[in-house]
Structure formats: C-alpha cells, structure tokens
Amino acid sequence: GGGAGVFALSAPDAWQIRGLPDPVPGGRFLLGTKKGAGAMAIRKTNILDLARMKAEGAKIVMITAYDALFARIFDDVGVDVILVGDSLGQVVLGHSDTLNVTMEDMVRHTAAAARGRKRAFLVADMPFLSYQTGPSDAIRNAGRLLQAGAEAVKLEGGRNAAGTIRAVASADIPVMGHIGLTPQSVHRMGGYRVQGKTDPQRERLLDDAAAVQEAGAFAVVLEGMPAVLAGEITRTLSIPTIGIGAGVGCDGQVLVMHDLLGLFDEFRPKFVKRFGELRKPVEDAVGAYAAAVRDGSFPGKEHSF
Ligand code: KIV
C-alpha cells in the first residue's frame, strides 16, 4: 500500500526522512548506561519539531498505541507522534464507545506506552468527564497524564472547549485540540457522522479551528470532515493539523493502530486504509497452536527439558 514504504524504513532512515537533526551525543535526553563512548543519545521529538515540520511542509505521522510493546515498535519505525487515544475503550477494553474510558485507564496505558517509546512525541487523550467539569479538573487530570509520561494531552471541542484549552495550556501543559467528528459527542451528533457538510456547519468548524488555536493549542486533530474544508483550515491555521477522515490537505495524518494493521473488524469506516491484514496470520498461528496441542505434536522434544 501507499504507506508500506514508510513502514519498511529502518529507524535511522526514517529519522532522516523526518528532516530532523540526527540525535546529538551528550544531548539532554541521554539514554543508556554510561556517558561517553558507547552511550546512545536519543533526541526526543518535541512540539518545536512539529511546528517546524508544518513550516517545512514535512508530513507528521501519528499513530495510536496503548502499550509498551507497540509503542516500541512504532517508535523504532520512526513515527513522529504516538497517541494513547481514548479509542482504547473500543479497540482494547471492549466498550462500544469512548464514554466509559476513565482517567485510571488512560494513566495506566499512557504509562505503559511511555515505557515503550524513546523518540516519538507522546500525546494522551483526556477521557470523557476529565475536563468537561471545569478548568481545575482539566488541569489536574492533564497533569496526571504528563506525570504518567505524556508530553501533551488531547481534548475534544472547539469554541466550547476554548476556556479549558486556555486553562490547561497556561499551566504549561501542551494541548492538542480535536474538532469535527468528536467521538465523545456521539449522542449530540446523532451518531458518528461527517461534520461540516453544510455551509453553517462549515463556518462553525472554521470558527472552532480558530478558537482552538487562539486558546493556545499547539496542534489540532481534524476528524471526519470534507477534505476541502480540512485543507482550508490547514492553510488558515499556523499550528499543525492532523487529519483522520479529513483528506490529504492536512499537515499530518493519524490512524488507530488496529485499523491500519487490519486487526479490528467490527466496522470499517471509509477513511481507514488497512496497510496490513494481521488478523488472518494471528488466527492461523493460534489455530495451528490449538491443533498442535490437541494432537499432541506440541510440545516436542526440542521444547522439553
Ligand atoms: O482516540 C483516538 O484514537 C483518537 C484518534 C482517532 C484521533 O482520538
């Protein structure tokens, strides 16, 4: 598929493709056991890198991850941003929407992803009711996600969320906005529907985008809206836009890992491209294991002590 080339790159190549300077030995984020010879310096991606990528026209690659294993794999591939999304509720925890995801869920999975990644910028979603109840709740909960290892939080909403974004950002907690099809508003929208299709909706989304930027967000996710509108918002804003179901005109793209890997089958939105078909090999491997246990061919002598 179109993205397969990117995913086949080794980490150093991916690093160059992103147009970022090579990791600096002795830099501030020195990972490894000892300084000097043999120590490996890892330069973490930060919000300035993301702003520069927009200025230079380099696309921002964002993917969700919910645990250390996948965060490590995606980091090794060289993605720019890992999002611990509240899609956790659907793809990991078995809920039918994101409304039952709790702060405890997000803190646990953010901490796990943080332990797995080295370079990628880590964003954690603020779950339903962790920020809608007022600025002090929002700051406290956003702070907990930073303490768990995130470098920024993402919260849903446009003009209605501007005061909250301003409060969290003024506590020096970087905020990524999220407008358009906002899954925590599923009942207000009457389902998961593309937003901004009518003229009044389009005007409202342009206002939402401006309000989110003005409130101090460093980036914004544009979800489920016409590509032309997302392109217009991207050209209007000075902060990077990350699209999902919003066309190719955004500064970057995000997909849920289970969708792009072909692991999640419950529904297939139009905007999802499956860059892999991992469900089938998983079924085949587990099926072969079950058959081998049942017919006594596993464990063999070579697996026994
Ligand atoms: O929860 C999530 O994974 C998200 C992305 C799809 C943008 O918010």
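The model is predicted.

User: How many of the residues of strand β8 are buried?
Analyst: Strand β8 spans residues 219–223 and is mostly covered. Buried here means under 20% relative accessible area.

User: Which residue stands opposite Val220 of β8?
Analyst: Strand β7 (residues 175–180) and β8 run parallel and are joined by 5 bridges. The residue opposite Val220 is Gly177.

User: Which residue in β9 stands opposite Val221?
Analyst: Strand β9 (residues 241–244) pairs with β8 in the parallel sense, over 4 bridges. Helix α11 (residues 227–236) forms a right-handed β-α-β unit with β8 and β9. The residue in β9 opposite Val221 is Ile242.

User: In what order do the 8 strands close into a barrel?
Analyst: The pairing in the barrel is parallel. Neighbouring strands of this sheet are turned by 25 degrees against each other on average, direction ignored. The 8 strands follow the order β3-β4-β5-β6-β7-β8-β9-β10.

User: What is the bridge partner of Val123 in β6?
Analyst: Strands β5 (residues 121–125) and β6 (residues 152–154) run parallel, with 3 bridges joining them. In β6, the partner of Val123 is Ala152.

User: At about what angle to β5 does helix α6 run?
Analyst: Helix α6 comprises residues 103–116 and lies across β4 (81–84) and β5. The angle of α6 to β5 is about 170 degrees.

How values were computed
Residues numbered from 1 in each chain as written. Predicted model: local features only at pLDDT ≥ 70, side-chain atom pairs only at ≥ 80, totals over all residues. Heavy atoms only, no water. Buried < 20%, exposed > 50% of the residue type's maximum accessible area, 1.4 Å probe, protein only. Helix = DSSP H or I, 4+ residues; strand = E, 2+ residues; numbered from the N terminus. Pairing = 2+ DSSP bridges. Right-handed = clockwise from strand over helix to strand, strands pointing away. Axes fitted to C-alpha atoms, helices over the stretch in contact; angles between N-to-C directions. Contact = heavy atoms within 4.5 Å.
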